[in-house]
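This briefing sets out how one protein chain is folded, for a reader who is new to protein structure. Please keep the sequence and the model in view while reading.

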Amino acid sequence: DPAATNHFIAAVVLKLKPVSAAPDEKVIQEGDMGLDMFLIKSGRVAVWVANETIHIADKSAGDFFGEIACIIPQPRTATVIAVEYTQLFSLSKDDLDTILQDFPDMRGVLEIQSQRFLAANAANIENTRRQSNAAAAPTPPIRRASTCSDIGEPRRNTAAKAHHHPAPHPPHGPSLPQSNGPDLPRDVPPQANGCLPPASDSVSSLRRDSVESS
């Protein structure tokens, strides 16, 4: 009934009391017994649950909070903290009970709305917890592919091999005599173990013999 609703609102307005909250001031505390509900005139507040670890909403001008504990006999379900300087109106539980005696139908409406809010609030809290746990869960290490430098290294080696040229042969000329056999110079003593002398010594001896014979 719109007329009954308007009369109910008018009766509530007559019982409202002005209240102010400074930034970071707690207006209501989770777990406390509710003695008042609040209507925001200006400013903004933040709603926290789970011992102020989960932020579920912000409320501003025209919003209200704290009504559940005034309608359903249970402790506060959230903590509300002023984000900025906020002006509010408060309605005590005793005044609300007195008004509802004149509007019994409104009590049923408020109780149904409070139960729905509690269910939605519980779902919101659970969803927020799952998101927080998922964000905090460690991610498995990602196996990275070889870097470009690693991939290019074999190619550079292959290219180097492809462009590799053997050392140039010495220019053609008269062949040096073999360092073994009967042409071995007499001034080069044979090694005791039967091995040939170092190549550099043999070449030097051969060149010296060639100069002397000329």
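V45 has K59 of β5 as its bridge partner. This pair belongs to a predicted model, and the strands β4 and β5 are joined in the antiparallel sense over 6 bridges. The points below begin with these two strands and then turn to the other parts of the fold.

**The β4–β5 hairpin**

- A hairpin is formed by β4 and β5, with 4 residues between the two strands.
- In the turn of this hairpin, A50 has a positive phi of about 55°.
- A further bridge links V49 to I54, which lies in β5.
- Strands of a sheet pair through backbone hydrogen bonds, and the pairing may be parallel or antiparallel.

**The sheet that contains the hairpin**

- Four strands make up an open sheet in the order β2-β7-β4-β5, and their pairing is antiparallel.
- The edges of this sheet are held by β2 (26–28) and β5; each has a single partner strand, so one side of each is left without a neighbour in the sheet.
- On average, neighbouring strands of this sheet are turned by 30° against each other, direction ignored.
- Helix α4 lies across β4 and β5, and its direction runs at about 130° to β5.

- Another open sheet of 4 strands has the order β1-β8-β3-β6, with antiparallel pairing.
- Its edge strands are β1 (17–21) and β6 (64–65), each of which pairs on one side only.
- Strand β3, residues 36–42, pairs with β6 in the antiparallel sense over 2 bridges.
- Within β6, F64 is the residue that stands opposite L39.
- Helix α3 packs on this sheet and touches β1, β3 and β8; the direction of α3 makes about 55° with that of β8.

**Helix α1**

- Helix α1 covers residues 2–15, which is 14 residues, and its first and last C-alpha atoms are 20 Å apart, close to the 20 Å expected at 1.5 Å a residue.
- Which residues of α1 are buried? They are F8, A11 and V12.
- Seen down the axis of α1, the buried residues fall within an arc of 100°, so they line one face of the helix.
- An α-helix has 3.6 residues a turn, so residues three or four places apart point the same way.
- Exposed residues P2, N6, H7 and L14 are carried on the face of α1 turned away from its buried side.
- The buried residues of α1 pack against β8 (86–92), α3 (93–102) and α4 (104–136).

- Helix α4 has 33 residues, which should span 48 Å at 1.5 Å a residue; the end C-alpha atoms of α4 are 48 Å apart, which agrees.
- The buried residues of α4 include M106, L110, S114, L118, N121, I125 and T128.
- Among the elements that cover the buried residues of α4 are α1, β4 (44–49), β5 (54–60), α2 (67–71) and α3.
- Two packed helices are described by the angle between their axes and the distance between the axes.
- For α3 and α4, the angle is about 120° and the axes are 5 Å apart.
- The helices α3 and α4 are therefore oblique to each other.
- Where α3 and α4 meet, D97, L100, Q101 and D102 of α3 face P104, M106, R107 and L110 of α4 in contact.

**The loop residue T77**

- T77 lies in the loop between α2 and β7 (79–82).
- Is T77 buried, partly exposed or exposed? T77 is partly exposed, because its relative accessible area is 26%, and buried means under 20% while exposed means over 50%.
- Leaving aside residues up to four places away in sequence, T77 touches E30, V49, L118 and N121.
- T77 and W48 are 29 residues apart along the chain, and their C-alpha atoms are separated by 9.2 Å.

**The protein as a whole**

- The secondary structure comes to 6 helices and 8 strands.
- From the N terminus on, the elements run α-β-β-β-β-β-β-α-β-β-α-α-α-α.
- The protein has 214 residues, of which 26% count as buried.
- Among contacts between residues at least 6 apart in sequence, 74% join residues at least 24 apart.

How values were computed:
Residues numbered from 1 in each chain as written. Predicted model: local features only at pLDDT ≥ 70, side-chain atom pairs only at ≥ 80, totals over all residues. Heavy atoms only, no water. Expected span 1.5 Å × (residues − 1). Buried < 20%, exposed > 50% of the residue type's maximum accessible area, 1.4 Å probe, protein only. Arc of directions from axis to C-beta. Contact = heavy atoms within 4.5 Å. Pairing = 2+ DSSP bridges. Axes fitted to C-alpha atoms, helices over the stretch in contact; angles between N-to-C directions. Parallel < 35°, antiparallel > 145°, perpendicular 65-115°, else oblique.
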